[in-house]
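Hi,

Here is the structure I promised to pass on.

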Amino acid sequence: MLNFFRTVKYTPNENRYDAMKYRRCGSSGILLPAISLGLWHNFGDNDDKKKYKKVLFEAFDSGITHFDFANNYGSPPGSAEKNFGKILKKNFAGYRDEMIISTKAGYGMWPGPYGEWGSRKYLLASLDQSLQRLGADYVDIFYSHRFDPLTPLEETMEALSSAYHSGKTLYLGISNYGPKETMEAYEILKRKGIPLLIHQPRYSILYREPESGLLDVLKDNKIGCISYSPLAQGLLTSKYLTHIPKDSRIANPNGYLKEKDLTPSVVKTIKKLQKIADQRGQSLAQMAVSWLLQKKEITSVLVGARTQQQLQELIRALENIEFSEMELTKIDQIRSGI
Ligand SMILES: NC(=O)c1ccc[n+]([C@@H]2O[C@H](COP(=O)([O-])OP(=O)(O)OC[C@H]3O[C@@H](n4cnc5c(N)ncnc54)[C@H](OP(=O)(O)O)[C@@H]3O)[C@@H](O)[C@H]2O)c1
């Protein structure tokens, strides 16, 4: 009986493209789902395999075609790519051409001076390692994960360009770059005849850094924008209003969200935002996703989900992405109180 279940093949939902919305990424030929799934937390060796498989199947069944990684995702680092690679081979075999798989390099991945930042040596070695873990010949998007102030940007972009010409990545992206560095990266790649497809910044109702120049650069140069941590890692939900739940990211010793992030002013802000979400008939998590999607600059909202139910809830945000001017102003006022 057990063997029977082990060999049961996953068959994707036939109607998976009916409800999801797709948005053009900058001026490229690529459409991304309004909601994409990131595998930073929840898909590593220390996570529940049955649970994360369900999340991945739910995503693909709902038209989420984009799965986002970095070399170091999962605990231990690299395990998210490795675990997804197994599922790609076993369950998603035959569907690779329906997927946009991205990975990144920039943060610490292996010891010594060649295991992080933006050198050609590190970036190209890391991409090879990611492909090996994913069991894939290519990724769709390869990102420089952070700007390296000590490596010439020309070298970092030259490395991305080599990855592009080798066919190991189809498109290029940058993440966590400020507006000035983004403009420079865009110009360097342009001189090489390669488009910069996408930028991946942190952006949410709580954290607004891209509003200080980055969104303008992206819009003016028709570069796509996929916003990460749209729920501020779970702060923009009702879960932390009374206590820290045992299964939450803050309670997880491998989680990047820490108890110190849950300041009294953040809790106060969440409570006020919750009231607006209630009036809209949405959960706070849904409102956080909808708020990003009402912005024209946003191509896709890159969510993390630990359970199938969480993902289902986030996808239902698509049912209402309209905001009145009054709601937007109120949200901005509440947020500026942090
Ligand atoms: N480029 C970069 O530097 C960078 C950095 C960070 C992230 N990212 C990308 O962005 C992706 C998403 O980041 P993130 O995981 O921080 O995103 P997030 O969507 O802000 O947070 C995800 C967490 O929120 C909670 N959650 C999700 N849906 C929920 C729901 N419906 N109700 C209640 N709680 C819910 C879960 O936390 P609990 O476990 O507490 O339930 C989940 O693990 C990453 O996987 C990665 O691909 C990129």
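Before anything else, the naming: helices (H or I, at least four residues) and strands (E, at least two) are DSSP runs, numbered from the N terminus. Residues are numbered from 1 along each chain, following the sequence as written. Bear in mind that this is a predicted model: local features need pLDDT of at least 70, side-chain atom pairs count only at pLDDT 80 or more, and totals for chains, interfaces and linings use all residues.

As background, most residues other than glycine have a negative phi, and most peptide bonds are trans. A few places here go the other way.

Asn176 sits in the loop between strand E7 (169-175) and helix H6 (179-191). Its phi is positive, near 65°, and Asn176 is not a glycine. Is Asn176 buried or exposed? I call a residue buried if 20 or more other C-beta atoms lie within 10 Å of its own, exposed if 12 or fewer, and partly exposed in between, with C-beta atoms placed from the backbone. Asn176 counts as buried because it has 20 other C-beta atoms within 10 Å.

Ala232 is another non-glycine residue with a positive phi, near 50°. You'll find Ala232 in the loop between strand E9 (224-228) and helix H8 (264-280). With 19 other C-beta atoms within 10 Å, Ala232 is therefore partly exposed.

There is also a cis peptide bond between Ser75 and Pro76, with omega at about 0°. Pro76 belongs to the loop between strand E4 (66-68) and helix H3.

**Around E7**

E7 is mostly covered, with 6 of its 7 residues buried. On pairing: two strands pair if DSSP finds at least two bridges between them. Strand E6 (residues 139-144) runs parallel to E7, and 5 bridges join them. In that pairing, Tyr143 is opposite Gly173 of E7. E7 also runs parallel to strand E8 (residues 198-200), this time with 3 bridges, and Ile174 has His199 in E8 as its bridge partner.

A crossover is right-handed if, with the strands pointing away from the viewer, the path from the first strand over the helix to the second runs clockwise. E6, helix H5 (residues 153-166) and E7 form a right-handed β-α-β unit. From E7 the chain crosses through H6 to E8, again as a right-handed β-α-β crossover.

While you're on H6, look at Glu187, which is part of that helix. Glu187 is partly exposed because 13 other C-beta atoms lie within 10 Å. From Glu187 to Asn221 is 34 residues in sequence and 9.9 Å in space, C-alpha to C-alpha.

Strand E3 (35-38) runs parallel to E10, joined by 3 bridges, and Ser36 has Leu302 in E10 as its bridge partner. E3 also runs parallel to E4, with 2 bridges between them, and Leu37 stands opposite Phe67 of E4. Between E3 and E4 the chain passes through H2, giving a right-handed β-α-β crossover.

Helix H2 (residues 49-61) has 13 residues and spans 18 Å from its first C-alpha to its last, close to the 18 Å expected at 1.5 Å a residue. That expected span is 1.5 Å times one less than the number of residues in the helix. The buried residues in H2 are Tyr52, Val55, Leu56, Glu58, Ala59 and Phe60. Their cover includes E3, helix H3 (79-90) and H10, where contact requires C-beta atoms, placed from the backbone, within 7 Å. After H2 comes Gly63, with a positive phi near 90°.

**The ligand shell**

Which residues come nearest to the ligand? Of the 30 residues around the ligand, these are Gly38, Trp40, Tyr228, Leu231 and Gly304. Being near here requires a C-beta atom, placed from the backbone, within 6 Å of the molecule or strand in question.

The shell divides into 11 nonpolar, 14 polar and 5 charged residues. Strand E10 (300-303) and helix H10 (308-315) each supply at least two residues of the shell. H10 gives the largest share, 3 residues.

Cheers

Notes: Ala, Val, Leu, Ile, Met, Phe, Trp, Tyr, Cys and Pro count as nonpolar, Asp, Glu, Lys and Arg as charged, and the others, Gly among them, as polar. Two residues are in contact if their C-beta atoms, placed from the backbone, lie within 7 Å.
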